[in-house]
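Here is a briefing on helix packing and on a chain interface. Please look over the sequence and model first.

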Amino acid sequence: MTRGETTPSNELTCRELVEVVTEYLEGTMEPEDRLRFEEHLAFCTWCVDYLDQVRETIRVTGALKEEHLTPKTRDDLLKVFRNWKSV
Amino acid sequence: MEAFKFLRPGRVAPFTGVRWPAAGDWLEAEQPVELCRSGVHALLPEALPVWIAEELWRVELDGAEELVPGILVGSRGRLLARVEDWNDATAREFARACAAHVQVGTAGRAAEYAGDAATSAETATADASATTVAYMAAHAAEAASPGSFAEERSWQARWLAGRLALDAAI
């Protein structure tokens, strides 16, 4: 066996990667799960692109400040967050 | 301890984006070593097929531990020399060998995977495309004979080590 590699039965799928991408970027993923995540990235260029897009989105939106929002956008966002927290 | 490291062009680490210093200069970890999170990571030959990238380097790690089989993590590391034989030509050779190794006697899904591997091998280069062919071939082996995935990965690792004379390098 190539030691240290995940096997077909526990390898990460693209869908699973998308579900845990935030944990990966925030560094809260367990080491073994990070290994599985990066093993997937090593061969899946689609997920590499997806990860790059998420990173870029965080970079761009992270530069936004409250005063950049129109009053309507601010109200809409607050409404979304309230509904989200009430679920 | 000596090991190997695949890097993107310009000595860039694939996941962190860190640019390794020129050969001979140490790259120091900023945090205590932890698998896939901090520390300087490198590979033993047996793990190479999973992590292929454009440049292959022979590296030296200080304070290295094998945190999972085949993957070493140290507090610092330095590039010793680039494995010059690893290039697009040998990557395609590797990809074709991986595909050919699983062609015989396959049927059904195994044959589909093997066919995909053979097709993809023709355009493989020293990057994720070669990794993908090796991955497909390992899945073809698994589909043909459940439990063979790891064995096929071992065969791929031996092919790389033999073709690139890696065992002699460390």
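This is a predicted model: local features need pLDDT of at least 70, side-chain atom pairs count only at pLDDT 80 or more; totals for chains, interfaces and linings use all residues.

Residues are numbered from 1 along each chain as its sequence is written, chains are lettered from A and ligands numbered from 1 in the order written, and side-chain values use heavy atoms, without hydrogens and water.

**Interface of chains A and B**
- In chain A, 23 residues are in contact with 26 residues of chain B (contact means heavy atoms within 4.5 Å).
- About 2,100 Å² is buried between chain A and chain B, and carbon and sulfur atoms give 60% of that area (accessible area, 1.4 Å probe, that two parts lose on being put together, summed over both).

**Helix pair in chain A**
- Helix α1 (residues 14-26) of chain A packs on helix α2 (residues 31-43) of chain A at about 125 degrees, with axes 11 Å apart (axes are lines fitted to C-alpha atoms over the stretch in contact; angles run from 0 to 180 degrees between N-to-C directions; helices are DSSP runs, H or I, of at least four residues).
- α1(A) and α2(A) are therefore oblique to each other (angles under 35 degrees count as roughly parallel, over 145 as roughly antiparallel, 65 to 115 as roughly perpendicular, the rest as oblique).

**Helix pair in chain B**
- Helix α3 (residues 128-144) of chain B and helix α4 (residues 149-163) of chain B pack at about 140 degrees, with axes 8 Å apart.
- That makes α3(B) oblique to α4(B).

Note on methods:
Helices (H or I, at least four residues) and strands (E, at least two) are DSSP runs, numbered from the N terminus.
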